[in-house]
Amino acid sequence: MSCTKGSCFPPVVMTASRSDSLVVLFGATAGAYGAKLGSDERELILLVWQVVDLPGKKVGTLHKSLVKADNLELSDQCREVSGLTPEGLGKAEPLDRVLQQFIQLVSSDLKVLGRSSYTLCSDGQLLIRQVLHPETSKKNFLLSDCFYSFYDLRKEFHACYPSSATVKDQTIKTMAEYLGLGTDETEEDFGVWQVKTMVAIIFSMLSESCNHIFTEPETVKYKYETGPCSKSETVDNETVIRARGLPWQSSDQDIARFFKGLNIAKGGVALCLNAQGRRNGEALVRFVNSEQRDLALERHKHHMGSRYIEVYKATGEEFLKIAGGTSNEVAQFLSKENQVIIRMRGLPFTATQEDVLGFLGPECPVTGGKEGLLFVKYPDGRPTGDAFVLFSCEEYAQNALKKHKEILGKRYIELFRSTAAEVQQVLNRYMSTPLIPTLPTPIIPVIPPPYTIATGSIRDCVRLRGLPYTAGIDDILEFMGDATADIKPHGVHMVLNQQGRPSGDAFIQMKSADKAFMVAQKCHKKMMKDRYVEVFQCSGEEMNFVLMGGTLNRSGLSPPPCKLPCLSPPAYAAFQTAAVIPAEAALYQPQALLPAARTPQASAAAPPTVTYYPAQAAQLYMNYTAYYPSPPVSPTTVGYIAAPPGAVAAAATATHTPILPQPGALVRMQGLPYNTGMKEILSFFQGYQLHTDSILVLYNFSGQPSGEALVTFPSLDLAKKAVAEKNGQLLGGHCVELYLV
């Protein structure tokens with residue numbers, strides 16, 4: 001084996017202010033070692049350390065402690081190099097207990113040596129930055145302050161001996177060989193040789209011929225600092241990465257937590273928005289130097305909750321395009337440091353600063369009062385309905401997020417966590433180009449009222465599932481063959497996913513239930529290009545539910561999350577046909593694309609989609625570019641997402657006929673005990689005129705209860721009363737939260 005024990009698991013050394021004492025610390029994980037330590041997310045299984053009195057050149061007791069990992073499976077390399085076994089580790093203490101013992105034993109040894117303080121130092125960056133900080137962050141306990149400052153022994157050695165190998169190529173063994181230290185790693189237990197050799201190297205550096213002084217330790221930032229970024233800044237290409245696959249609810253603090261141990265530049269997290277203004281699951285992250293960026297690349301496919309995150313190189317130009325701003329107003333707004341940013345969406349256009357402050361109330365005071373509000377406007381000064389708000393602490397921000405979907409004026413307001421980079425992006429979008437372009441003039445200007453999507457229970461629609469992602473409406477018409485003559489005007493609806501791309505689904509409204517039945521029988525499992533397509537009959541009601549963001553299949557229906565739908569491609573040219581235009585074939589008016597004044601029931605109807613005009617229609621051109629400024633869901637959840645939100649999970653249903661919420665006002669329940677059924681919910685809302693058809697208990701993707709439910713009240717007033725009176729009350733020992741949907 002070419003790798004020696006000395007290069008397998010980088011050790012660490014600790015020192016004090018002005019280097020009064022050092023504590024040599026060595027660690028190993030259950031997986032990769034050497035230059036790949038920490039790259040596989042494996043847990044720490046071993047710590048070895050020894051206190052060194054620098055002025056007196058004395059050492060304390062050498063300590064070795066095994067660590068019990070959650071996963072005791074060891075890699076073959078780890079077994080061979082360390083000699084450790086799962087059986088031996090099974091008797092050890094968990095990491096938090098070992099670190100407590102470490103602090104106590106170090107303090108005791110320092111007292112014996114007559115010293116009182118120390119500072120960390122390692123033969124590399126990996127044990128501290130790539131193992132200890134990420135693992136303790138995932139396990140939700142805090143590291144002692146001593147782990148936020150350390151010396152990199154490789155860097156210190158190269159500074160003391162410039163003719164030695166480069167820092168990147170240094171190992172404990174190469175440093176020992178350079179000094180001619182005659183140590184034999186086979187004579188000592190694993191970890192003991194590394195610590196003893198590091199002590200010998202340090203004493204050589206402290207000799208009269210070198211007289212090396214440890215003065216400038218490496219630092220690990222305690223937390224991510226927010227801040228503005230100007231387009232005039234110079235951003236080094238070697239300091240930026242692109243992270244992909246992020247949960248939709250991720251905030252900049254969540255991303256900083258994913259990169260815990262690495263130093264992100266101030267304001268260095270920029271969440272990316274797609275062409276529709278939605279977060280696309282990507283972020284650009286700027287680090288303080290190229291060394292930190294290279295360490296970040298080693299976290300490729302590490303996990304945030306249950307999702308793995310891809311990490312790639314990016315450029316400074318890409319970062320500035322997303323995060324850079326030119327507005328003095330924005331720069332002044334973001335100049336207040338360490339603030340939590342909340343975005344408000346859907347404000348009445350007449351809303352004033354006083355209205356917003358009154359809506360938020362005294363329980364979530366805005367930083368600086370009116371100075372902590374930033375209204376987003378069009379270039380001509382018209383309000384967009386968006387605003388950003390600053391809060392001084394997480395508690396105030398959480399209080400504000402609880403007001404999600406509450407009413408201001410006649411509109412419900414969406415609130416979710418935001419970032420400085422998102423403020424810049426939104427302002428840049430609104431101020432640069434029109435977000436909702438006007439429609440081109442039709443060739444034949446016939447503009448009767450547009451068709452609306454049917455919402456009845458008659459099963460006169462079909463769903464196509466599993467379409468090739470490159471499929472267009474022309475492919476669908478060819479797939480349906482002669483049945484295209486039975487499609488209603490404006491009857492083809494392409495469905496996009498949360499990234500604004502084709503989802504592989506489409507809905508088609510037929511002229512009758514019989515026609516829909518015949519199409520489903522004839523075309524089910526028929527091939528389109530290289531894929532077979534599932535076709536099944538459904539109702540307009542079910543179709544609308546999916547277009548609102550829910551999911552539908554042969555066995556059940558999953559309700560939509562609290563979000564706007566994402567429908568239809570950005571542009572579509574209808575087909576050229578005969579020269580006669582019937583009255584029902586029409587272009588949508590430009591105002592049809594503008595955000596409608598929303599009410600609490602606004603989510604009950606889907607907005608217009610790009611549609612197919614039947615064979616009688618002449619050639620008409622459409623350009624549907626709707627702008628959705630918010631993320632695909634309302635990200636009021638803070639921290640990692642370990643499982644999909646219950647509101648988008650499959651609803652439990654015993655029949656093939658889904659139970660849809662009845663007309664009325666919808667209330668969302670969160671925090672329910674997992675064994676809660678309809679009987680318990682009816683009892684909870686006793687006196688509110690509910691019945692079993694009013695309740696939809698939600699389940700996660702594994703079919704387990706999610707702790708959430710949707711409840712339909714007969715009226716908005718009754719729903720508001722229920723939220724006001726029952727929010728925060730206990731059900732089965734759990735505090736239940738209620739929100740208007």
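An open sheet of 5 strands, with the order β14-β15-β13-β17-β16 and antiparallel pairing, is found in this predicted model, where strands (E, at least two residues) and helices (H or I, at least four) are DSSP runs numbered from the N terminus and two strands pair if DSSP finds at least two bridges between them. The edges are taken by β14 (373-377) and β16 (406-408), each of which has a single partner strand, so one side of each is left without a neighbour in the sheet. On average, and with direction ignored, neighbouring strands of this sheet are turned by 35° against each other. Between β14 and strand β15 (residues 383-391), which run antiparallel, there are 4 bridges, and K377 stands opposite P383 of β15. Helix α14 (residues 394-401) lies across β13 (340-345), β15 and β17 (411-418), and runs at about 150° to β17; here axes are lines fitted to C-alpha atoms, for helices over the stretch in contact, and angles run from 0 to 180 degrees between N-to-C directions.

Residues are numbered from 1 along each chain as its sequence is written, and side-chain values use heavy atoms, with hydrogens and water left out. Because the model is predicted, local features need pLDDT of at least 70 and side-chain atom pairs count only at pLDDT 80 or more, whereas totals for chains, interfaces and linings use all residues.

Another open sheet is formed by 5 strands in the order β19-β20-β18-β22-β21, and its pairing is antiparallel. In this sheet β19 (487-496) and β21 (526-528) stand at the edges with a single partner strand each, so one side of each is left without a neighbour in the sheet. The twist from one strand to the next averages 30°. Strand β18 (residues 461-465) and strand β20 (residues 502-510) run antiparallel and are joined by 5 bridges, with V462 standing opposite I508 of β20. Helix α16 (residues 473-480) lies across β18, β19, β20, β21 and β22 (531-538) and runs at about 125° to β19, while helix α17 (residues 513-523) lies across β18, β20, β21 and β22 and runs at about 155° to β22.

Strand pairing was also examined around β6. Strand β5 (residues 120-122) and strand β6 (residues 149-152) run parallel and are joined by 3 bridges, and L120 stands opposite F150 of β6. From β5 the chain crosses through helix α5 (residues 126-138) to β6 in a right-handed β-α-β crossover, a crossover being right-handed if, with the strands pointing away from the viewer, the path from the first strand over the helix to the second runs clockwise. Strand β6 also pairs with strand β7 (residues 218-219), in the antiparallel sense and over 2 bridges, and the bridge partner of F150 in β7 is E218.

The crossing of α7 past α8 is left-handed, a term used if the near helix is turned anticlockwise from the far one by less than a right angle, with clockwise giving right-handed. Contact (heavy atoms within 4.5 Å) is made by I172, K173, M175, A176 and L179 of α7 and by W193, Q194, T197, M198, I201 and S204 of α8. These residues divide into 7 nonpolar, 3 polar and 1 charged, where Ala, Val, Leu, Ile, Met, Phe, Trp, Tyr, Cys and Pro count as nonpolar, Asp, Glu, Lys and Arg as charged, and the others, Gly among them, as polar.

Helix α6 (residues 153-160) packs with α8 at an angle of about 35°, the axes being 11 Å apart, and the crossing of α6 and α8 is left-handed. In this contact L153, E156, F157 and C160 of α6 meet M198, I201, I202 and M205 of α8, giving 7 nonpolar, no polar and 1 charged residues. The axes of α6 and α7 come within 11 Å and cross at roughly 25°, so α6 is roughly parallel to α7. Helix α6 passes α7 in a left-handed crossing, in which L153, R154 and F157 of α6 meet M175, Y178 and L179 of α7; the residues of this contact divide into 5 nonpolar, no polar and 1 charged.

Methods:
Parallel < 35°, antiparallel > 145°, perpendicular 65-115°, else oblique.
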